[in-house]
Each structure stands twice: as structure tokens, then as C-alpha cells.
Amino acid sequence: AGIGLCCFNWGGSDMAGFDDPGVYYSDSLFSDERSDTQDVSRTAAQRRFKEFIKTFIDHQNCFCYRDQLKRHYNLRQYWLKVDLHDLASFDPQLADKLNKIPSDYLPLFEEAAKEAADELTQPRPLGEEKVEDIQVMLSSDANPIQIRQLKSHNMAHIVKVPGIIISASAIRAKATHITIQCRSCRNYRANIAVKPGLEGYTLPRKCDTEQPGRPRCLVDPYFIVPDKCKCVDFQVLKLQEAPDAVPNGELPRHLQLYCDRYLTERVVPGNRVTIIGIYSIKKGPTKATMGSRDKVSAGIRRPYLRVVGIDVETEGPGRASQMSLTPMEEEHLRQIAARPNIHEVIAKSIAPSIYGGLDIKKAIASLLFGGSRKRLPDGLTRRGDVNLLLLGDPGTAKSQLLKFVEKVAPIGVYTSGKGSSAAGLTASVLRDPVSRNFIMEGGAMVLADGGVVCIDEFDKMREDDRVAIHEAMEQQTISIAKAGITTTLNSRCSVIAAANSVFGRWDETKGEANIDFMPTILSRFDMIFIIKDEHDVVKDTRLAKHVMKVHLSALQEEEEVEGELSLALLKKYIAFCKSRCGPRLSEAAADKLKNQYVMMRSSARQHERDNAHKNAIPITVRQLEAVIRIAESLAKMSLSPFALESHIDEALRLFKVSTLDAAMSGSLSGAEGFTSESDQEEIRKIERQLKTRFPIGSQVSEQRIIQDFIKQNYSERAIQTVLHIMLRRGELQHRLQRKVLFRVR
């Protein structure tokens, strides 16, 4: 017991010594000296930063940061973008400190920039004497690190992270300096600095003003005075790993980003970005947890990135296309546009590794360039985007063409029919986990606004999901009325879809039964190509040679394989033409098109009358507008202000080889061995005559039918083909050891 008491006394004396103010006094004396030296080094650092801004000369022998600061200040954009590489070449030690302790040195840099701006912009106009705060943004050419490689040793350092922005919050205000007031004694405490980032400020628990003769203020007396706070804009973004950086079988990881002042509104969801920021921590969600868990999580914080620089990538699919061209580049693009065979050049540059299909490539070129969007006097708009449908056999490079379009389009979204729902393509309404309000997330067609949506396996989509994109394809808007949100989103995008026949492969004898789409969706496509995998020795040999060449010289002969224009140049040229040119139809071209349209309608009517049923692919006014759009896109390729008769001729030719051919792919067209018009006509005549003379439910000897038609000077081969086709369709049946034919329907 004595020992225990002794121990207790010893512990008590230690605690008493711990509370002794003398210890604190001597300690604070040392810390004063230390803080003095720290202040000196901070002042020296600020002076060096200012020196860097004012005296740094780049490789073109000009004061780049001084000029940039002055230019931005005069434009009332109070920010300065600094390359860390330049700072390292000016003062390596300073750059290292900025890298290692950015939360201390970045405010010094901004203060130095403010001082430099004050000196550079003297004298300022009346009313603008007060110098504004300058925001310093950083850029770096260092190698980026992936989100999943960020570890604890990166904490509070500057890191560079690539990824895709998947959501952006609205812009809100955050206080940088606050003023608080006591409820009881009405005393103010002004100009309290708040830490930047997502860290808040904890209000003091007790009022520190002591007035004699007054009772002490209560606990937690302070409240914030909103009118006397200084605020800046801030926005919270969500960054997701790029799909190509995610290991197999893992989910992509996310990271929260905090942007403030001039870094807000820089990106939209869907942009690929490289972020430079300070890897910081914030308190996790404070939920009242049971028992001892709360104590465990006291030191645990959640990471986020405080952004100090954003680079939006312009390469690859789904990247922003706001590229600035130098006068030299612009001149080069205008020279390309002046070539007489520019349409051929662009068509050859589209997917050069895929052999043949020149008409389809021309159609894809017109889809990429697009027509002119028109706003009519009564407020309605007519779309300028071209939609394209590729119907055909497997193994005809449809998906490859779609992948190429996604790469070369300024904004490209690729989606597959089976994995796409109506909400995923258009827009979905969901509850925000933070604010618990309903928010709207745009789908593929909203993300691709101003670009192209590629939908593969279009025939595998559910019918009700396919109906959802009707409005987006013609009116180019998506209307939503659910969960109290009624709004209209823009989806000004082209649609290129690929689909197979109902039977997997195109069955010639089934004719229109191959196409399993409603006329409502088919009329919204400007061009419909039916791609058949036909057997032809010469063609197959050429194709095999081409495939071998592509596989053998995958990397060596890149220039030769790449066609006339490289991918980067083609992308630049498309963006240039779309931004500089909006052609209209000329008078002569409009007159010519009017006559052609009337002829197309009458031939379609005649075809329907001959076949005694409606075409699966209708020829309507939409198709007339389609020809106009194709002509405008052809004019846009050559930067011509008007679509001329030559453009109309080419547009009509493209329309005829695509949609008109598909519309006329009636019951018997293109049957094996019958390719010429006269042969097809003969087959139709035999079929009509056979149906009139052979009533349903009767049976006749096959030999007798053949002899009867031979007497009327029809070829035996044509008669056999008609019988074969009708048997395959199930209209006739063999009876009595295949000697007699029975008419079923």
C-alpha cells in the first residue's frame, strides 16, 4: 500500500510540474526566436517570388509572366499561370519548398503577385486605386500519378493527377475572412482568416471580453455576421480514373476536387483533365456512431484535392475541342479546303485501315461535318446534324467505323445497344447524397452535345428504350418531367448507329422482313446503308491482301496507311470547318432538288403499288431535308458559303445509293444470280402472274407450271427461282413426293 501511495504522489507532482507556467514561459521565448527566423525566410521567399514574376525571361527572350500579369489585370482577369519548370530553373530551392509546403508558400506567391501587379499597373484609373488579389495557378510537365497511387506520403504536397470529370456542383460562396459577434455583449471580432479548402472554422466557445460590472457571457455566444465577411466562389468536382488506367476487374476510384475563384466553371462533366493540386484532408461525415468507434475515428480524415491548376486535354475521344490555331495552321487548313478533290481526300482519310466502302466513308464524312442549323422566324429550329444507320452482315467493319468516328469527332460517346437504357441515353433524375435534393444527370446524348453518339448493336435495344431517342434525333432536345423537375436539355448531336438484320445475316429472299425497325425511327435517319457480305473472288483477294498488309505493317508504314490526312489534322480540320462555315442552298440548287424530290416520291409510290404494300423505309419530307443537310455538309468540307448544283448532285447520289436502295430492297431485289433491272422485272412479272392463276388452297403439278410459263417465253431459271423463293417464304408447299405444289397463302 505504501509503494502504491508513493507512486501516486510521484505522479501527482509530475502533473503539477506539467501545469507550471514557468515551463511555458521559457518555451515561448525559444519559439519567438524561431518564428523570427521563419518570418525572415518567408519575407525572403516572397521577395524572390516577386523577383521571379518581374525578371524571368523565357526562351523567346520576353518577360512572359510580367506581360501575362499586366495583360490579365487590364482584362480584369486577376490570375497568373506559372509553369513550375520555369520556377525551378529560376530558383530550384524555392520551387522545392513550393512543392513540399504549398499551403505556406502559395499564399506568399499570391501576395508577391499582388505586389508585382500593384507596381506594373501604376497609375490605375479613378475608382480602381485598390489593387485586386491575384490567384496563382500552376502547371507542370512532370509525370502524373494515378488516383490509386496517392498515399499518405503525398499528403500536403503538390500532386498531378489525370482523370475524367464526372460531376460538377453549382457554384457556391466560401468565406475567406469572417467577422463574428457575441450575442450577449455585442462585441465584434473582425477579419478572422479562414483556412482555404474544405476545412471550416471552429467558433470560439467563450467570449474573451471582460467588462467590469457585467455578468460573464454564456458558452457558445458567437455568431457569424454575413454582411461583413469576404467570400470567394468555389465549386466541388468529382474526378474519376480514366478507363484505361483501371486494372482489370476493379471499379474506377473517385476523388473529390475543390476549385475556387477563377478555376471554377473551367470544366464540364465528361471532360478529360489533368489536375494539379494540393493533396489535403478534411473531416469525414460526422455521424453519431455507437460506443468506442467515435474515438477510433478521431484522427481519421478523408482526402480531397485542392486544385491549383487544370489542364483540359484536347487529344482523343470525348476531349474538349476549343483549340486555338496559329495563322500558319489556319493558312494550311485553308489550302486543304481549296483542293479540288477535297471530298475524296477526306473520305480516304476516314478509317484508312478499313478496305473499300467509299460511299459509306463519304456519308461518315458528311456526318462529321454536319449541315447548318437553322433558326426560323417563328422560333422553331431545324436540325443541321446528319444521322446515319449501317444495317448489314456481321464482319463488315461496322463497329470499327463507329470506333473511328468516336476518336475523330470533337466530342464522341460510344455506347452499345444492349447495355444502354433510356435513362442512360437521355437523362436521369436521382437524389443528391449530400443535399438530399433531386438532381439531374445527363446521359450519353447530353454529354455528346455538339458531337457524335455512336450506338452499336442498335437492333438489340429494347423497343421502349429506342423510343426515348426519337425526340433527341429530330428535335434535338430531351424533355424531362419527373420528380418535380420539368426541364428541357439540349442534345445537338449526330447519331451513327450500327445494326444487324433480324436473321443475323441479310436474307435476300425475305426482303423487308430483314429490317426490324419502325418507320418512325427509320425516317429520322438521313442515310441508311445496307452492307452485304457478298462472295466475289476478285474482291475477296483484294480484301485479303489489304488485311495482310495492315497486319504486317502495323507500325512501320504509318504515313502510307494513314491516307491523305492524319487523324490529328482531320480532327483539327473538322473543328475548323464547323466553327467557320454555315453554308446555305443556292437558288439553282434548290430548284433542281425540288424536281428530283418529286421524282423520288413518285417512283417510291409506283414501287409500293407494284408490290401492293407500303415500304419499310418511307420517303418523306424528312428525306428531302436530309438531302439538303448532306449538300450543306459537302459545301462545308470545301469552306464554300453556298451549296451549289454539284453538291446537290453528289448528295442525291449518296442518298440514292443508301436510303433509296434500302427502301427499294423489296421482296425479290438482289436475289442470287439476278442483279440486272430486266431480270428483276421478269421475276416480279412471273410472281404476279403465278399468284393470280394459282388460288390459295389449290394444288398443281410443278412440271405443268414450268411448261406453261416456258410457252409464254419466260426463262426456266427465272421460273425455278420464283418457285424456290415462294417455297422458302412458306407460300407454297411440296406434296406427293415433291411432284405437286400446294398454295398455302
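**Exercise 1.** Which strands does helix H24 (residues 702-711) lie across, and at about what angle does H24 run to S24?

*Solution.* The model is predicted: local features need pLDDT of at least 70 and side-chain atom pairs pLDDT 80 or more, while totals for chains, interfaces and linings use all residues. Residues are numbered from 1 along each chain as its sequence is written, and side-chain values use heavy atoms, without hydrogens and water.

Step 1. Helices (H or I, at least four residues) and strands (E, at least two) are DSSP runs, numbered from the N terminus. Contact means heavy atoms within 4.5 Å.

Step 2. Helix H24 lies across S24, S25 and S26.

Step 3. The angle to S24 is about 70°. Angles run from 0 to 180 degrees between N-to-C directions, with axes fitted to C-alpha atoms, for helices over the stretch in contact.

Step 4. Helix H25 (residues 716-729) also packs on the sheet, where it touches S25 and S26, and its direction makes about 100° with that of S25.

**Exercise 2.** Give the strand order of this sheet and explain its edges.

*Solution.* Step 1. Strands pair if DSSP finds at least two bridges between them. The open sheet has three strands in the order S24-S26-S25, paired antiparallel.

Step 2. S24 (699-701) and S25 (732-735) each have a single partner strand, so one side of each lacks a neighbour in the sheet.

Step 3. On average, neighbouring strands are turned by 30° against each other, direction ignored.

Step 4. S25 and S26 (residues 740-743) run antiparallel and are joined by four bridges. Leucine 732 stands opposite arginine 743 in S26.
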